[in-house]
Amino acid sequence: MIVILKNNAEKQKVDILKQWLENQKVSIHESMGEYQTVWGLVGDTSRIDTDLIEGLDIVEGVRRISEPYKQANRKFHPDDTVIDLGNGIKIGGGNFQFFAGPCSIESEEQIIEVAKAVKAAGAKILRGGAFKPRTSPYAFQGMREDGLKLLLKAKEITGMPIVTEIMDASHIDLFEDVDIIQVGARNMQNFELLKELGKLDKPIFLKRGLSSTYQELLMSAEYIMANGNQKVILCERGIRTFETATRNTLDLAAVPMLKEKTHLPVIIDPSHAAGIARLVKPMSFAAAACGADGLMIEVHNDPAKALCDGPQALRPEEFCEVVSGVEKIRNAIGV
């Protein structure tokens, strides 16, 4: 349920209403916009008389939320969520960001060289995989803790905040100095992991599952938010369909549709969606045109020798072309 307060509502009456609602055993999440204040009520609201509240002179309106996701719902929080990483780096609310770097960290030389290159091209956030979930148990699984140490070294050298994937709640302590924790597509419905991440005060980059609906993605975000962490970033990375020409099918309709449903930032990962490097540029341009809040792109200094997902990785000079093109598209559509 949401309660919309009138502008300039009398503070004493607002405090009385708040106290009464809390006595009904619901928690109140306040969203203060430019023109109105919205209270999102979380808990068992079935016993609350909406007519009684709506009759108060400080209340503009009352609405029940039919969707099962509450805190992720745009009705609950009308304004876009903006996640501030510090140093002027913001995600969402018109702030477009590139998350760029190798699929997998392979060596100190590799991650630092790529980090410097993507920063010079315009990326503000460095991505790199230390723990790698792979379909085959015989494929390279990442450098794990050693990879994290190299990623942190690249962060120290370049000053770029970092994002990397977590696979198990038992690893959370290793991610203390990671700026954004990524939950991969295979773990989108690992609810015990999501609950633990919900206890952190750290942005969570949540990728859509291979065959998950929008609602299932938002319900996974709700698990994180219901446990206290409101800093969730959604990522569309392609879904599994009958088409085999590309690795996955990039669902660009996810951007405008999710933006109708939720206030959370929406990022596109064209690298995992296409699985083919030459398709990353046009898919990036399309993502920018349809209103995405950013792009996660794999960049490698020598894709032919990459230990993981080389065919979809861009060279640094190709990434520069993507950044330049995206900027032109965003300027052309006025965002």
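This is a predicted model: local features need pLDDT of at least 70, side-chain atom pairs count only at pLDDT 80 or more; totals for chains, interfaces and linings use all residues.
**Exercise 1.** Determine whether Glu222 is buried or exposed, and find the nearest side chain of opposite charge.

*Solution.* 
- Start with the location: Glu222 sits in helix α6, residues 214-226.
- Check burial: Glu222 is buried.
- Apply the cut-off: a salt bridge needs a side-chain nitrogen of Lys or Arg within 4 Å of a carboxyl oxygen.
- List the contacts: leaving out residues up to four places away in sequence, Glu222 touches Tyr69, Lys70, Gln71 and Ala72.

**Exercise 2.** Find how many cavities of 30 Å³ or more the whole structure holds, then describe the lining of the largest cavity by class.

*Solution.* 
- Count: the search finds one cavity of 30 Å³ or more.
- Size: the largest cavity has a volume of about 40 Å³.
- Lining: the residues include Pro102, Cys103, Glu106, His300 and Asp309.
- Classes: six lining residues are nonpolar, three are polar and three are charged.

**Exercise 3.** Work out where Arg144 and Asp309 lie, and state whether Arg144 and Asp309 are buried or partly exposed.

*Solution.* 
- Recall the background: most residues other than glycine have a negative phi.
- Take Arg144: its phi is positive, about 55 degrees, although Arg144 is not a glycine. Arg144 lies in the loop between β8 (125-127) and α4 (145-158). Its relative accessible area is 40%, so Arg144 is partly exposed.
- Take Asp309: its phi is also positive, about 55 degrees. Asp309 lies in the loop between β14 (294-298) and α10 (316-333). Its relative accessible area is 18%, so Asp309 is buried.
- Link back: Asp309 is one of the residues lining the largest cavity.

Definitions and conventions:
Residues are numbered from 1 along each chain as its sequence is written. Side-chain values use heavy atoms; hydrogens and water are left out. Helices (H or I, at least four residues) and strands (E, at least two) are DSSP runs, numbered from the N terminus. Buried means under 20% relative accessible area, exposed over 50%, partly exposed in between (1.4 Å probe, protein chains only). Lys and Arg count as positive and Asp and Glu as negative; His and the chain ends are not counted. Contact means heavy atoms within 4.5 Å. On a 1 Å grid over the protein atoms alone, a cavity is a set of points where a 1.4 Å probe fits but cannot get out, and a pocket is an open set with protein on both sides within 12 Å along at least five of seven lines; lining residues have an atom within 4 Å of a point. Grid points are joined across faces, edges and corners, and a volume is the space filled by probe spheres set on the points. Ala, Val, Leu, Ile, Met, Phe, Trp, Tyr, Cys and Pro count as nonpolar, Asp, Glu, Lys and Arg as charged, and the others, Gly among them, as polar.
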